[in-house]
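Have a look at the sequence and the fold first, then come back for the details.

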Protein chains: 2
Amino acid sequence: MDVPSDVIKKIKNSNDILLLVHPKPDGDAIGSIVAMGKGLKKLGKNVDYFVDSNIEPKLNIFDEIKYFNKDIQDHYNTVITLDASTPDYVVTPENMPSYEDLVVIDHHKSNEKFGDYNFVEITGACGELVYLILKELGVELDSEMEEALFTALSSDTGSFQFSNTTKQTHEIAAELYHKDTNFAPLSKRLHSLKNKDQLALYAHAINSMKSFDDGEIVFLELPYDVIEEHGGINNLTDDISNIGTNLDSSKVSVLIKEQEPDKFRISIRSKSPYDIDVSKVAVKFGGGGHFRAAGASFEGSIEDLEKKLLEELRKEIK
Amino acid sequence: MDVPSDVIKKIKNSNDILLLVHPKPDGDAIGSIVAMGKGLKKLGKNVDYFVDSNIEPKLNIFDEIKYFNKDIQDHYNTVITLDASTPDYVVTPENMPSYEDLVVIDHHKSNEKFGDYNFVEITGACGELVYLILKELGVELDSEMEEALFTALSSDTGSFQFSNTTKQTHEIAAELYHKDTNFAPLSKRLHSLKNKDQLALYAHAINSMKSFDDGEIVFLELPYDVIEEHGGINNLTDDISNIGTNLDSSKVSVLIKEQEPDKFRISIRSKSPYDIDVSKVAVKFGGGGHFRAAGASFEGSIEDLEKKLLEELRKEIK
């Protein structure tokens with residue numbers, strides 16, 4: 001996979017650069033922006049970051065984060081967006097600085113290349129593209145940049161388990177290791193560490209499991225009072241959405257979170273290799289998403305929600 | 001990492017080969033023996049397998065397994081042991097065939113090279129060594145061999161998360177991918193899929209959690225009646241032993257399984273990067289194991305067990 005030469009040229013010729021990512025930045029967004037920013041600084045560039053300040057504690061581990069949201073200038077040569085699939089899905093300063101060109105670096109299939117310059121390829125993580133750019137620019141990675149890129153790759157591929165993992169993902173992961181590298185504590189932090197309430201919510205979700213159609217369809221439900229008892233909605237870990245797909249018989253699973261009394265958020269997942277597009281189901285509820293991971297909101301009774309969900313899911317499973 | 005030339009020469013010059021692994025074969029043992037056996041057959045050799053027939057359902061996915069334990073000959077040129085650290089820790093036929101030479105292929109630190117020819121290197125998985133041998137022998141991998149080697153690597157490294165994962169692990173993983181390779185269903189099968197009872201046991205273990213010393217020491221307990229209610233001891237998944245280390249504050253964790261009334265099996269784990277050798281604790285209970293994963297048995301009351309465990313663990317944490 002080659003980096004477009006105009007993207008490299010544009011970056012080389014820019015001195016003042018602003019880096020942006022999507023809201024609620026995940027491991028790929030944080031890892032990509034940290035590695036990119038430090039790499040560009042190593043080339044002597046003036047780099048600023050504007051990032052949603054609501055960073056998950058597990059990702060708040062990079063020294064470079066202390067430079068986020070500091071002294072944003074009125075003007076930049078280039079703005080670079082990372083891991084953002086549309087221009088609306090980018091966090092920007094309230095008073096957006098002026099800039100000459102927009103460079104878009106992203107790995108989402110739906111990205112329509114909204115930049116003046118674009119490096120958009122479907123890869124496991126946006127961090128793969130950042131790695132390729134830094135390599136092309138001749139930047140030597142330091143250990144924080146390696147940890148940042150590993151965070152990006154490992155987060156977005158579910159520790160190399162999702163179907164977006166490719167030969168290139170492992171090739172780049174290999175390049176991040178040296179003789180004494182140990183990414184085990186980082187992996188544990190990204191994928192497994194929880195506080196007591198998060199573990200309790202995980203167990204609650206398992207115990208709430210209901211299954212239908214010989215276990216092909218699974219619902220898990222976290223009621224409002226349970227969520228509140230265990231630290232509130234922000235204390236829910238992402239992996240709870242996947243519990244239903246861990247049931248051996250399941251093809252599709254829904255986590256139903258009661259965010260406020262009778263106001264629900266649903267997360268729908270389908271399991272590889274079954275050919276079930278859950279984004280179509282989410283659309284029926286006014287939501288959206290990807291083929292295997294989608295979401296929507298619902299107001300009403302849990303009984304009505306479950307009934308409608310079953311109907312719509314059965315249409316997609318066929 | 002180079003394969004010793006005498007090992008390659010010995011294998012090349014052997015026509016009749018018997019392959020052996022350790023009891024209760026795990027993903028690394030099964031993956032290694034399947035890939036090795038099929039690879040040697042591709043070179044025109046006569047290969048037999050003698051394997052503990054108690055193969056976990058999640059690993060019983062290779063067509064080659066149908067040839068296990070069939071028509072064992074009276075004599076072989078060479079016997080190869082895979083993933084076994086000592087000669088005692090190898091499953092053999094009741095009437096062991098005669099053979100000219102023993103080749104030992106293993107990745108355990110404790111292996112004392114008990115073969116006539118040895119390829120013993122500390123790697124993430126024994127499957128890494130098998131890959132290197134097959135490459136050196138010029139064997140072209142078919143898709144089942146690739147899945148077998150991926151099973152070996154992914155199983156023994158906890159999907160590339162454990163501290164035994166290295167640059168080489170990822171380099172070899174990359175070699176197992178082609179354009180349309182999707183190891184996602186296999187990864188899910190190896191690391192996440194559970195039946196309803198296994199999920200219930202997982203939730204039970206979480207809910208049983210007790211912590212001591214500011215959460216540095218964690219105990220989880222599965223009582224006899226709970227285990228029996230959910231399919232018995234063989235229905236427990238390995239990952240239950242790691243739940244305690246997932247608690248953010250923990251340094252060491254013990255899963256206490258009541259296998260029969262008042263007869264306990266303990267699985268002790270310590271977390272990277274903390275310098276806590278749990279094998280020393282296991283030895284105090286007449287058991288043993290590795291630095292970060294050890295086990296032992298105990299008869300008596302759960303109160304006495306917990307008291308003694310706390311005492312011994314506190315000595316190691318210091």
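Predicted model: local features only at pLDDT ≥ 70, side-chain atom pairs only at ≥ 80, totals over all residues.

What follows covers a sheet, a helix pair and some aromatic rings.

Let's start with the strands. Chain B has an open sheet of six strands, ordered β6-β7-β8-β9-β11-β10, and the pairing is mixed. At the edges sit β6 (210-212) and β10 (288-289) of chain B, each of which pairs on one side only. Further in, β9 (residues 263-270) of chain B pairs with β11 (residues 293-299) of chain B in the antiparallel sense, over seven bridges. To find that pairing on screen, pick B:Lys263: the bridge partner of B:Lys263 in β11(B) is B:Glu299.

Helix α11 (residues 302-317) of chain B lies across β6, β7 (217-222), β8 (252-260), β9 and β11 of chain B. Relative to β7(B), α11 of chain B runs at about 150°.

**Two helices in chain A**

Now over to chain A. Packed helices are described by the angle and the distance between their axes. For helix α2 (residues 27-42) and helix α3 (residues 126-136) of chain A, the axes come within 8 Å and cross at roughly 10°. Angles under 35 degrees count as roughly parallel, so α2(A) is roughly parallel to α3(A).

Which residues of α2(A) and α3(A) meet? On the α2(A) side they are A:Asp28, A:Ser32, A:Ala35, A:Met36 and A:Gly39, and on the α3(A) side A:Cys126, A:Gly127, A:Val130, A:Ile133 and A:Leu134. Sorted by class, the contact of α2(A) with α3(A) has six nonpolar, three polar and one charged residues.

**Aromatic rings**

Over all chains, a search of the whole structure turns up 16 aromatic pairs. Here are two of them:

| Pair | Centre to centre | Angle between planes | Geometry |
|---|---|---|---|
| A:Tyr202 and B:Tyr202 | 6.0 Å | 55° | tilted |
| B:Tyr177 and B:Phe183 | 5.0 Å | 80° | edge-to-face |

The tyrosine pair crosses between chains, going from A:Tyr202 in helix α7 (residues 196-207) of chain A to B:Tyr202 in helix α7 (residues 196-207) of chain B. Are A:Tyr202 and B:Tyr202 buried or exposed? Both A:Tyr202 and B:Tyr202 are buried.

As for the other pair, B:Tyr177 and B:Phe183 are both buried too. B:Tyr177 and B:Phe183 also belong to one aromatic cluster, together with B:Phe150, B:Phe160, A:Phe150, A:Phe160, A:Tyr177 and A:Phe183.

Terms used:
Residues numbered from 1 in each chain as written. Chains lettered and ligands numbered in written order. Heavy atoms only, no water. Pairing = 2+ DSSP bridges. Helix = DSSP H or I, 4+ residues; strand = E, 2+ residues; numbered from the N terminus. Contact = heavy atoms within 4.5 Å. Axes fitted to C-alpha atoms, helices over the stretch in contact; angles between N-to-C directions. Parallel < 35°, antiparallel > 145°, perpendicular 65-115°, else oblique. Nonpolar A, V, L, I, M, F, W, Y, C, P; charged D, E, K, R; others polar. Phe/Tyr/Trp six-rings, centres within 6.5 Å; stacked < 30°, edge-to-face > 60°. Buried < 20%, exposed > 50% of the residue type's maximum accessible area, 1.4 Å probe, protein only.
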